[in-house]
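Welcome, and thanks for taking a look at this one. Please open the sequence and the model side by side before reading on.

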Amino acid sequence: MNVPLLDLSGQYQTMKKEILAEIDAICDSQRFILGPKVEKLETELAEYCHTPYAVGLSSGSDALLVALMAEQIGPGDEVIAPTFTFFATAGAIARVGAKIVFADIDPVTFNIDPEDVARKVTPKTKAIIPVHLFGQCADMDAINEVAGAHKLIVIEDACQSIGAEYKGRRAGSMGDYGAFSFFPSKNLGCFGDGGALSMTDEAKYKMVKIYRNHGQSNTYIHDYVGGNFRLDALQAAILSIKLRYLDGWTAARQRNAMEYRELFRGEGLTGEIKLPEEASYPVRHIYNQFCIRIEGGRRDALKAYLQENGVGCAVYYPLSLHLQPCFKAFGGKPGDCPVSEKISGEILALPIYPESTSSMREYTVAKISAFLKK
Ligand SMILES: *Cc1c(COP(=O)(O)O)cnc(C)c1O
């Protein structure tokens, strides 16, 4: 049996006609950059994310970058981010010339540990970037409390968590900004690169729109050095269509996660295999990833065994960011963030995409069982 980690082709077939009709109409109009399709998507995204404003951008990485640029964060400033996340979270901080201060994570949710954040605030700290990793929100009340006490900007990295909730509040609506990615493998993906930034404050909204288009406040008058961070009409139109299906896909991912739990329990594997846990606070977990853990240095062998048997799986993330070669200058060393360092050696993502089938999950769990009995 072949079980891909992700396969978007089935999902595309269900909306192919709608999407091709939109693409056709946009090609006829020859209006490709920003314009009414992007504005329509921005309104829909703001509504979906329970925020007053959203701005369509070129990628999730650029969304993080633009938020930092719009806040004039740069050399001499410090920004706190988790060490266990996709590279882009920290990359954005380095790109504006600020110092990345890496915080360790909570072992249950894999999200930034608010107590470690509080310990790492200095007079130079300007912002915190909590990441809602794998589809589950970070402990935003605790993070906002630290931010409030020190007047720090909070940029939620919601690139894996569109529609996720924390105590009933949506990802991207709890900080000053929320960054979203529409990379094809995200829960809401477009047909290329795309992203967005949400915000609650009107002045920040206006500033982000200026930065999106080369810092241009009036035609050919540039008050700031921004960049080309624009979303295009084709991607926006595709996203508007796909957004209508998102809650259905989320429900399917949640069902798939529940089914995995039953299967692992049924096989009696929950001692050796640690299943992803939901936080102690109320969440809507949207399962961008379903990551199990296996201790005792057996993760890479399990991964190889599953791949040999046709099961797609992947390691997010094998090396904590404070140990990345390009961030050497920030002084990170082994032992600085012990929880992240341990988990990065144990974690393994299994297929969870909405269209994956029960028999795929049965096969996957059976193969994990066979590996453990070897
Ligand atoms: C995907 C992702 C990004 C970057 O998004 P792109 O659209 O690929 O630039 C940033 N942060 C996290 C946590 C992500 O998963």
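This is a predicted model: local features need pLDDT of at least 70, side-chain atom pairs count only at pLDDT 80 or more; totals for chains, interfaces and linings use all residues.

Residues are numbered from 1 along each chain as its sequence is written, and side-chain values use heavy atoms, with hydrogens and water left out.

**Helix α9 and its partner α12**

- Helices (H or I, at least four residues) and strands (E, at least two) are DSSP runs, numbered from the N terminus.
- α9 (residues 246-266) packs on α12 (residues 358-373) at an angle of about 40°, and their axes are 10 Å apart; axes are lines fitted to C-alpha atoms, for helices over the stretch in contact, and angles run from 0 to 180 degrees between N-to-C directions.
- On the α9 side, N256, E259, Y260, L263 and F264 meet S358, R361, E362, T364, V365 and I368 of α12, where contact means heavy atoms within 4.5 Å.
- The 21 residues of α9 reach 30 Å from first C-alpha to last, close to the 30 Å expected at 1.5 Å a residue; the expected span is 1.5 Å times one less than the number of residues.
- Buried residues of α9 include W249, R253, N256, Y260 and F264; buried means under 20% relative accessible area, exposed over 50% and partly exposed in between (1.4 Å probe, protein chains only).
- Just after α9, G268 takes a positive phi of about 70°.

**Nonpolar cores**

- The largest nonpolar core has 47 residues, and I162 and F182 have the most contacts inside it; such a core is a set of buried Ala, Val, Leu, Ile, Met, Phe, Trp, Tyr and Cys residues joined through side-chain atoms within 4.5 Å.
- Elements that each supply at least two residues of this core include α1 (9-29), α2 (36-48), β3 (99-103) and α9.
- Apart from this core lies another, of 38 residues, among them F264, L269, C291 and V365.
- Not counting residues up to four places away in sequence, I162 touches L45, Y48, C49, F180, F182, L188, L246 and I286.

**Two loop residues**

- V96 sits in the loop between α4 (87-95) and β3 and is buried, with a relative accessible area of 13%.
- Beyond its neighbours within four places in sequence, V96 is in contact with L65, L68, M69, I73, G74 and P75.
- S161 belongs to the loop between β5 (153-157) and β6 (165-166), and at 0% relative accessibility S161 counts as buried.
- Leaving aside neighbours within four places in sequence, S161 is in contact with H132, G135, Q136, A171 and I286.
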